[in-house]
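This report describes parts of the fold as seen in the coordinates, beginning with the sheet and moving on to the helices. Please keep the sequence and the structure at hand while reading.

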Amino acid sequence: MRTPLNELELDELIAQPSGRLVEFFKRLPGDLSILGANGKIGLSLSLMAKRAVEKAGVNKKIYAVSRFSDPAGRNKLEEWGIETIACDLNDREQLQRLPLTENVVFMAGRKFGTDGSEAQTWAMNVLMPSYCAEYYKNSRIVAFSTGCVYPLVSKLSGGSVETDHPEPVGEYAQSCLGRERVFEYFSQKNSTPVLLLRLNYSTDLRYGVLSDIGRKIWQEETVVSGVEYFNILWQGDANNYTLLALDHCTSPANYLNITGTEILSVKDVAEEMARIMGKKLDLQIPSADTSYLNNSGKAFGYFGTPSVQAKELIRMQAEWIMQGGRELNKPTHFEVNNGKY
């Protein structure tokens, strides 16, 4: 895949629906609400949904819902022809005014800034989902979670699988497990079809683990990591999997890991990016072999393997940085191993 020359090309590349997704949208009944659509994943996911509707030739509305505290995202969505609705999902009166759609992707939540402001994180990650799960009780819901609900594991484990018992480290991860339990509860109570999506980590070139590593190398700063290994997934594949997951919502709730096929070494990736960039590498990583790692075998059984592999993503990320491509300044903090964000 050629590295995009600008953000316009990148947006379109990430938002290209797969043939499988287009065929699925031909038979998916009802409209779609994307809650938390102004986040770093929500914008491209909304555009992919719009493109899938267009290619499928169906009459289906896409609603992008967010507080839109940053108006730039809202302007972008509306330029793409996507209907936007400003709503604080923690305000029940505002929530009750949203259209009740047959399909929902729940993406709202809080991670960074949790340390020292834990109550706000719990309100957004547990209270807000309870309101939305109750309001959309007759909908099909795909809700974003995180692989951080699992414990840190050895590379030799092959990564955590959906049947592993959660052992969240820190209040952010604990609140994410709380979000899962809330959706699980309402799925059982109201027979709502739900799928909980555990993602580690998406790559958009403007953000992601590769961007975190590559920016340090390009700026000739030390790459410091508290973990040795990580998973990544091209954002276009993450978007496709998310929308296809609407076909796998169940009651009781279904759980699904989504990430790439490989367990990557921080050292190996940093060395390759430094080679491409022609930069000297200064690296500090631990010797302990425990990291947040997901095994996505179940997802590959549903949707097939990712369309873009890690080696290609590493090259694209390095080239994007070298050509002056923008970053969102939203680090993943993949290197954190104590649960504090």
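## Sheet and helices

In this predicted model, strand E6 (residues 194–199) and E11 run parallel and are joined by five bridges. Within this pairing, Leu199 stands opposite Ile258 in E11. The two strands belong to an open sheet of seven strands, whose order is E3-E2-E1-E4-E5-E6-E11 and whose pairing is parallel. Its edges are formed by strand E3 (83–86) and strand E11 (254–258), each of which pairs on one side only. From one strand to the next, the twist averages 20°. Strands of a sheet pair through backbone hydrogen bonds, and they do so either parallel or antiparallel.

Two helices can be described by the strands they lie across. Helix H4 (residues 71–79) lies across strand E2 (62–66) and E3, and runs at about 150° to E3. Helix H9 (residues 235–244) lies across strand E1 (32–35), strand E4 (103–106), strand E5 (140–146), E6 and E11, and its direction is at about 170° to E11.

| Helix | Number of residues | Span | Expected span |
|---|---|---|---|
| H3 | 15 residues | 21 Å | 21 Å |
| H12 | 13 residues | 18 Å | 18 Å |

Helix H3 (residues 42–56) includes Ser46, and this helix is mostly covered, with 13 of its 15 residues buried. Why does Ser46 count as buried? Ser46 counts as buried because its relative accessibility is 0%, where the cut-off for buried is under 20%. Leaving aside neighbours within four places in sequence, the residues in contact with Ser46 are Ile34, Ala37, Ile62, Ala64, Leu77 and Ile82. Just after H3, Gly57 takes a positive phi of about 65°.

Helix H12 (residues 310–322) has buried residues at Ala310, Leu313, Ile314, Met316, Gln317, Ala318, Trp320 and Ile321. What covers the buried residues of H12? The cover includes the helices H1 (7–14), H8 (209–218) and H10 (266–277), together with the strands E7 (202–203), E10 (233–234) and E12 (264–265). Just after H12, Gly324 takes a positive phi of about 85°.

How values were computed:
Residues are numbered from 1 along each chain as its sequence is written. This is a predicted model: local features need pLDDT of at least 70, side-chain atom pairs count only at pLDDT 80 or more; totals for chains, interfaces and linings use all residues. Side-chain values use heavy atoms; hydrogens and water are left out. Helices (H or I, at least four residues) and strands (E, at least two) are DSSP runs, numbered from the N terminus. The expected span of a helix is 1.5 Å times one less than its number of residues. Buried means under 20% relative accessible area, exposed over 50%, partly exposed in between (1.4 Å probe, protein chains only). Contact means heavy atoms within 4.5 Å. Two strands pair if DSSP finds at least two bridges between them. Axes are lines fitted to C-alpha atoms, for helices over the stretch in contact, and angles run from 0 to 180 degrees between N-to-C directions.
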